[in-house]
Amino acid sequence: MIDDQNKGQADRSVQTEALSPAGGARRRFLTAAAGVAGAVAAAQTASAQGGGAKPARSSTHAPLKPTAAPAAASLPFHGAHQQGIITPQQAAVYFAAFDITATDRADLVRLMQAWTEAAARLTEGLPVTGEASDDPAKPALDSGEVAGLPPARLTLTFGFGPGLFEKDGKDRFGLAARRPEAFVDLPHFPGDQLIPQRTGGDLCIQACADEPQVAFHAVRQLTRIALPYAATRWVQNGFLAGYAPGQTPRNLMGFKDGTLNVAAKDPAALDQYVWAGKEGGWMQGGTYMVARPVRMALEHWDRMNLGFQEQTMGRHKRSGATLGGTDEFAPLALNAVDKDGNPLTPENAHVRLAAPESNDGAQILRRGYSYDNGVSFVAERWPPWRQGMEMDAGLLFVCYQRDPRTGFIKLFERMSRFDMLNQFVTHVGGGLFAAPPGAEPGRYLGEGLLAG
Ligand code: HEM
């Protein structure tokens, strides 16, 4: 029975991006070829200087769950859409947001050109630049910690923050008129506890790989390239456990997370819910990314009865089935009632409030990762009102949508008020970013915006 179920799920789970052979992707650190050496060298210099429809359910089951792809594989960087969005999830994420320090658009163009070129190399498993870098009298152009490692399905996804279009009332780069209508500022939601040092950013990079060191290395190289133009604002790394193919990963609250999601295999659903259309102008083929670290009060959660946890989430913990059911993949039965006529899934259960059936059909593509930042000092507001070091861990919530106004904002406006889960989770940072369409070979990411 379980085998059949997993088989069914495995059938629905496809590799959404073709894999290129690992053979061509061996890392060659000391070979010579044209590359982004100039940008890396510039960074080194700078561094040295101190520088309303009917609810339509078109979800599928766990489309982004990890698959048994060979760890060595590299994924194509170029294409109509950026990678790392509908790519089956890798084991690790390293997310970084930056403030732009450059003051003119030409510098922004230089940065995006250098980032695009470097990203294409890194995802192939090549060092950041092909320039010879073995002169003992000079710093190496690539920091070298992935030498000998395979590309590990590295994907690099870039986004633009609102500050690119306007910051402190100033149109710094002459781009304000090109800000898409859908790219609104995220409102303040009830319960938000955003820490400035972990919030916002003019640019972002989401690096995902099956090997954490590969994701880290990529952001490290890209940060070095950015040095003359941008400064790191916040970072968050995260992980996703390596469940067997066909199984939905669990989050740190112990629940299966990712059972229902937009069908990454269904181009019509992606066009409807994820990719910006003609209305987006230069954003057509891109998508809007919400990335928010959500801290979980795990010590508090662990003191709750299993039954209460399940009521909060609206699913059974062990099986992932809807309340009263036994099958993780059975449709949500939001109208089901017990013998006294009470809803089996409480009115304020997480899945009820999140479901498209409760939100005029709204859907988002979720692609989050668990995170663990060690421990930090907490004075709890719940019995037994203890103070002390508690786990600073949670979910780096990441979702993609065609329009945040009808995606994350629509969902979270109600969820932030009524979701029972709010007793246990706090949004502590993050932001909304416009992830432009992918770049074809010879073009750079964001060219439609910056060159227009
Ligand atoms: C720490 C915070 C969160 C946790 C632990 C969490 C956990 C879960 C779990 C366990 C499920 C059920 C399994 C599934 O279908 O994937 C779920 C579903 C879902 N969650 Fe969350 N979630 C969190 C935050 C959010 C936020 C902030 C949003 C969006 C505003 C969101 C949107 C959704 C959606 C859309 C679904 C699927 C509902 C459906 O398609 O019927 N979640 N979540």
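Which element gives the most to the shell around the ligand? In this predicted model, that turns out to be H9, with 4 residues. The shell as a whole takes in 29 residues, and the closest to the ligand are Phe255, Thr259, Leu260, Ala354 and Ala355. Besides helix H9 (408–418), the elements giving two or more residues to it are strand S7 (287–296), helix H8 (350–354) and strand S10 (387–401). Sorted by class, the shell has 19 nonpolar residues, 6 polar ones and 4 charged ones.

H9 deserves a look of its own. Its buried residues include Phe408, Leu411, Phe412 and Met415. Seen down the helix axis, the buried residues of H9 fall within an arc of 85°, so they line one face of the helix. As for what lies over them, the cover includes S7, H8 and S10.

Asparagine 348 sits 70 residues away along the chain, yet its C-alpha atom and that of phenylalanine 418 are separated by 5.8 Å.

Zooming out, the chain has 452 residues, of which 46% count as buried, and its secondary structure amounts to 10 helices and 12 strands. The largest nonpolar core holds 101 residues, and those with the most contacts inside it are Val93, Trp115, Leu154, Ala207, Ala215 and Ala218. Ala207 makes a handy example. Setting aside neighbours within four places in sequence, alanine 207 is in contact with Val93, Tyr94, Leu154, Leu156, Ala215, Ala218 and Val219. Among these partners, Val93, Leu154, Ala215 and Ala218 are also on the list of residues with the most contacts inside the core.

Aspartate 168 is not a glycine, but its phi is positive, at about 50°. This aspartate 168 is placed in the loop between strand S3 (155–160) and strand S4 (203–209), and it counts as exposed because it has 6 C-beta neighbours inside 10 Å. Tryptophan 385, likewise a residue other than glycine, has a positive phi near 45°. Its place is in the loop between strand S9 (369–379) and S10. Here too the residue counts as exposed: tryptophan 385 has 8 C-beta neighbours inside 10 Å.

How confident is the predictor in the chain, in terms of pLDDT? The average pLDDT is 88, and 84% of the residues score at least 70. Residues 1–35 have a pLDDT below 50, although the model gives this stretch 71 contacts beyond near neighbours in sequence. Residues 47–55 also have a pLDDT below 50, with 12 contacts in the model beyond near neighbours in sequence. Where pLDDT is low, predicted coordinates should not be read in detail.

Conventions
Residues are numbered from 1 along each chain as its sequence is written. This is a predicted model: local features need pLDDT of at least 70, side-chain atom pairs count only at pLDDT 80 or more; totals for chains, interfaces and linings use all residues. A nonpolar core is a set of buried Ala, Val, Leu, Ile, Met, Phe, Trp, Tyr and Cys residues joined through C-beta atoms within 7 Å. A residue is buried if 20 or more other C-beta atoms lie within 10 Å of its own, exposed if 12 or fewer, and partly exposed in between; C-beta atoms are placed from the backbone. Two residues are in contact if their C-beta atoms, placed from the backbone, lie within 7 Å. pLDDT is the predictor's confidence in each residue, from 0 to 100. A residue is near a molecule or strand if its C-beta atom, placed from the backbone, lies within 6 Å of it. Ala, Val, Leu, Ile, Met, Phe, Trp, Tyr, Cys and Pro count as nonpolar, Asp, Glu, Lys and Arg as charged, and the others, Gly among them, as polar. The arc is that of the directions from the helix axis to the C-beta atoms.
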